[in-house]
Amino acid sequence: MLILTDVKKPAPATTAVAAAVAIIFIASIPLAWSKELLGPRECEDLGFTGLALCSDCNTLAEYIKDQELISDCLKCCAEDSDDATSKITYSGAVLEVCMRKLVFYPEIVGFIEDEKDQFPTVKVQYIFNSPPKLVLLDDEGQQKESIRIDNWKREHILQFLQEKVKRSSAI
């Protein structure tokens, strides 16, 4: 029987430190990827509106362990600040909706028929098979953000537009 007396086991503290460093390195990989930002169309294609705060992505990461999803979220989010989203305003908006699906959205129909005229910078565009969404425009009339409004009530649409969309247009 062969007995090795000179073999030493690594210290438990050394092994724990090495494991901690490896975990931190692996966990920081998605953060490195997140520096690349995607445009509004790419984010929408991934299912993100661009209106989410990066802290929302961190909360999502606590419940969802899909690193690719978290990475995509971080590429489409807005940095947190004291009042990050409430200070953003847009020059106009386009309410996109499929005319055939309007019967399923009585709140949106009510807004279009009764309230839309209060917002001269908001246009309605009927696009086949489009879910109801607001496309928010910058001063040049280019899309900045897109937000789905499938389940919004009429008063939520009104409040959002009053806070986020300018009443007169420069476009």
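Helix α4 (residues 67-76) is largely enclosed by the rest of the structure, because seven of its 10 residues are buried; buried means under 20% relative accessible area with a 1.4 Å probe, protein chains only. Among those buried residues are Ile70, Asp72, Cys73 and Leu74. Helices here are DSSP runs (H or I) of at least four residues, and strands (E) of at least two, numbered from the N terminus.

A word on the model: it is predicted, with local features needing pLDDT of at least 70 and side-chain atom pairs pLDDT 80 or more, while totals for chains, interfaces and linings use all residues. Residues are numbered from 1 along each chain, and side-chain values use heavy atoms, leaving out hydrogens and water.

Now to the largest nonpolar core, which has 20 residues; Leu95, Leu136 and Leu161 are among those with the most contacts inside it. Such a core is a set of buried Ala, Val, Leu, Ile, Met, Phe, Trp, Tyr and Cys residues joined through side-chain atoms within 4.5 Å. Helix α6 gives the largest share, four residues.

Gly92, in strand β1 (residues 92-97), is buried, with a relative accessible area of 0%.

| Residue | Contacts include |
|---|---|
| Gly92 | Thr121, Val135, Leu137, Val165 |
| Leu136 | Tyr90, Ala93, Phe160, Val165 |

Methods. Buried means under 20% relative accessible area, exposed over 50%, partly exposed in between (1.4 Å probe, protein chains only). Contact means heavy atoms within 4.5 Å. Lists of a residue's contacts leave out its neighbours within four places in sequence.
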